[in-house]
Amino acid sequence: MRDKVLKALEKVKTMLSADGGSAELVDVTADGIVKIRLTGACGGCPMSSMTLKMGVERIIKQEVPEVKSVVAV
């Protein structure tokens, strides 16, 4: 599952980079929780929680249905 998540994350990174941000994969747990660290402009943005849920999580879950949730660390 980790490889699928990494592939999906590459699509997300392309969108985030347009605003000066990025994301890195920290961990994928056995129960389908993906841990992401938002970096660059996204790291300190007040809208980062919305970006995480409405953008990053939506795309990753679309690409990897086994994922239950995406959380920021």
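Analyst: A residue counts as buried when its relative accessible area is under 20%, and as exposed when that figure is over 50%. The model is predicted. Take a loop residue as a test case. Thr 29 has 18% relative accessibility, so Thr 29 counts as buried. Thr 29 sits in the loop between β1 (21–28) and β2 (33–40). Beyond residues up to four places away in sequence, Thr 29 touches Met 1 and Lys 35.

β1 and β2 form the hairpin, with four residues between them. Gly 32 in the turn has a positive phi of about 85 degrees. The two strands run antiparallel and are joined by seven bridges. Leu 25 stands opposite Ile 36 of β2.

Now the whole sheet. The sheet is open, with three strands in the order β1-β2-β3 and mixed pairing. β1 and β3 are the edge strands, each with a single partner, so one side of each has no neighbour in the sheet. Neighbouring strands are turned by 35 degrees against each other on average, direction ignored. Gly 21 has Gly 40 in β2 as its bridge partner.

The helix to look at is α1. α1 packs on this sheet and touches β1 and β2. The direction of α1 makes about 165 degrees with that of β1.

Which residues of α1 are buried? They are Val 5, Ala 8, Leu 9, Val 12 and Leu 16. An α-helix has 3.6 residues a turn, so residues three or four places apart point the same way. The cover over the buried residues of α1 includes β1, β2 and α2.

Leu 9 lies in α1. Its relative accessibility is 2%, so Leu 9 counts as buried. Leu 9 and Ile 36 are 27 residues apart in sequence, and 9.4 Å apart in space from C-alpha to C-alpha.

Next, the helix partner. Two packed helices are described by the angle and the distance between their axes. For α1 (residues 2–17) and α2 (residues 48–63), the axes come within 9 Å and cross at roughly 140 degrees. The crossing of α1 past α2 is right-handed. On the α1 side, the contact is made by Val 5, Ala 8, Leu 9, Lys 11, Val 12, Met 15 and Leu 16. On the α2 side, it is made by Thr 51, Val 56, Ile 59, Ile 60 and Glu 63. By class, that contact has nine nonpolar residues, one polar and two charged.

α2 leads back to the sheet. α2 lies across β2 and β3, and runs at about 145 degrees to β3. Ala 72 is in β3 (residues 69–72). At 49% relative accessibility, Ala 72 counts as partly exposed. Neighbours within four places aside, Ala 72 contacts Ile 36 and Leu 52. Ala 72 and Val 26 are 46 residues apart in sequence, with C-alpha atoms 9.1 Å apart.

Methods: Residues are numbered from 1 along each chain as its sequence is written. This is a predicted model: local features need pLDDT of at least 70, side-chain atom pairs count only at pLDDT 80 or more; totals for chains, interfaces and linings use all residues. Side-chain values use heavy atoms; hydrogens and water are left out. Axes are lines fitted to C-alpha atoms, for helices over the stretch in contact, and angles run from 0 to 180 degrees between N-to-C directions. A crossing is left-handed if the near helix is turned anticlockwise from the far one by less than a right angle, and right-handed if clockwise. Contact means heavy atoms within 4.5 Å. Ala, Val, Leu, Ile, Met, Phe, Trp, Tyr, Cys and Pro count as nonpolar, Asp, Glu, Lys and Arg as charged, and the others, Gly among them, as polar. Buried means under 20% relative accessible area, exposed over 50%, partly exposed in between (1.4 Å probe, protein chains only). Two strands pair if DSSP finds at least two bridges between them.
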